[in-house]
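Student: Hi! Could we go through this structure together, one piece at a time?

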Amino acid sequence: MLITHARVATLGDQPQIIEDGAILIEDHRIKAIGTTAALVVEHPHEPVLDAKQQLAMPAALCGHTHFYGAFARGWAYPGPAAASFGEILERLWWRLDKQLTLEDVRASALVCLAEAVRHGTTTLIDHHASPNAIEGSLDVIAEAVIASGVRASLAYEVTDRDGAERARAGIAENVRFIQRLRRSPHPQLAASFGLHASLTLSDATLAEAVAAADGGGAAGDGKGSFHIHAAEGIEDVEDSLAKSGKRTIARLKEAGILGPRTIVAHAVHIDEREMELLAESGTWVTHQPRSNMNNAVGLTQVERLLAHGVRVALGN
């Protein structure tokens, strides 16, 4: 198709704005960008969509999200306000995720995907939890993603907080979905290996997850693709020091979690050495300012991370 009469903003290393611009799409890819006058003459038989001078630009990508969080909107739990991030987890998030059925998982995914389309976000990296509906949950989300037309990388968050059986089920769900995409790739789907956070993962479970991820590989290209919350609240740091004598990022490095295909979400409570470890390993950090404010966990040091050469992306 040919999108015509748009204000085309290319972004990139040499950004330009093409007034009355046009975009040619062939085989699901942008084939050419130019003026409407030029591309209409060159491609007179293409189906045309008139953008009516709206802005056309590269889409937003969401580096970290929880589709199931759609159910938490407007939810004020009873009693006094939480005094800590840990209390918020226990009173809100860990109560919510235990209620989810596979049908709930589908509905919440569709809500968030529809909003992504509406707001110009075409790729999302989701971090899922439904401890009483683990098996097949990533397939349910994948079906919603395919129906929406956007792209998503999916992961199930492994955790020890619901017991050893569910921790093993979470590992199995990640492995199953990764292997599914290795057997039958889909252009809208990818996978990473989900882990909740250092504070809810024992050394044994971390090691089991790393071994499973290395054995199964990540959909697309190889091993070591993890998605984990790290140092979101100070509780994560305190727990890591108690378990290992190391701060959160150092513990994850020792466990084999860090790397260029790993996403560390938040990284609010980290020091300079941890920033160096993230930069040296090529690990991605995602910044979620609205979430940080909502949970009152503090502010990610984005400028310091960038100064250290850490790769930073935005989540929601």
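**Starting from one residue**

Tutor: Happy to! Thr205 has its place in helix α6 (residues 203-216). Helices (H or I, at least four residues) and strands (E, at least two) are DSSP runs, numbered from the N terminus. This is a predicted model, where local features need pLDDT of at least 70 and side-chain atom pairs count only at pLDDT 80 or more, while totals for chains, interfaces and linings use all residues. Residues are numbered from 1 along each chain as its sequence is written, and side-chain values use heavy atoms, with hydrogens and water left out.

Student: Is Thr205 buried or exposed?

Tutor: Thr205 is buried, with a relative accessible area of 8%. Buried means under 20% relative accessible area, exposed over 50%, and partly exposed in between (1.4 Å probe, protein chains only).

Student: And what does Thr205 touch?

Tutor: Not counting residues up to four places away in sequence, Thr205 touches Val158, Asp160, Ala167 and Ile171. Contact here means heavy atoms within 4.5 Å.

Student: OK, what does Phe193 touch?

Tutor: With the same rule of leaving out residues up to four places away in sequence, its contacts include Val158, Ile171, Asn174, Phe226 and His227. Phe193 is also one of the residues with the most contacts inside the largest nonpolar core, along with Trp93, Leu195 and Leu278.

Student: How many residues does that largest core have?

Tutor: The largest nonpolar core has 68 residues. A nonpolar core is a set of buried Ala, Val, Leu, Ile, Met, Phe, Trp, Tyr and Cys residues joined through side-chain atoms within 4.5 Å. Helix α2 (residues 85-99) gives the largest share of this core, 7 residues. Another core, of 7 residues, lies apart from it, and Ile3, Ala6, Val8 and Ile18 are among its members.

Student: Switching to sheets! What is the strand order in the open sheet of 5 strands?

Tutor: The order is β10-β11-β12-β13-β14, with parallel pairing. Its edge strands are β10 (193-197) and β14 (311-314), each pairing on one side only. Two strands pair if DSSP finds at least two bridges between them. From one strand to the next, the twist averages 25°; axes are lines fitted to C-alpha atoms, for helices over the stretch in contact, and angles run from 0 to 180 degrees between N-to-C directions.

Student: How many residues of β10 are buried?

Tutor: 5 of the 5 residues of β10 are buried, so β10 is largely enclosed by the rest of the structure. β10 runs parallel to strand β11 (residues 226-230), and 4 bridges join them. In that pair, Gly194 stands opposite His227.

Student: What about the open sheet of 4 strands, which order does that have?

Tutor: That order is β6-β7-β8-β9, again with parallel pairing. β6 (60-65) and β9 (189-191) stand at the edges with a single partner strand each, so one side of each has no neighbour in the sheet. Here the twist averages 15° from one strand to the next.

Student: Which helix lies across β8 and β9?

Tutor: α5 lies across β8 (151-154) and β9, and runs at about 135° to β9.

Student: How do α4 and α5 pack?

Tutor: Helix α4 (residues 137-148) and helix α5 (residues 164-183) pack at an angle of about 45°, with axes 9 Å apart. They are therefore oblique to each other: angles under 35 degrees count as roughly parallel, over 145 as roughly antiparallel, 65 to 115 as roughly perpendicular and the rest as oblique. The contact includes Leu138 and Asp139 of α4 and Phe177 and Arg180 of α5.
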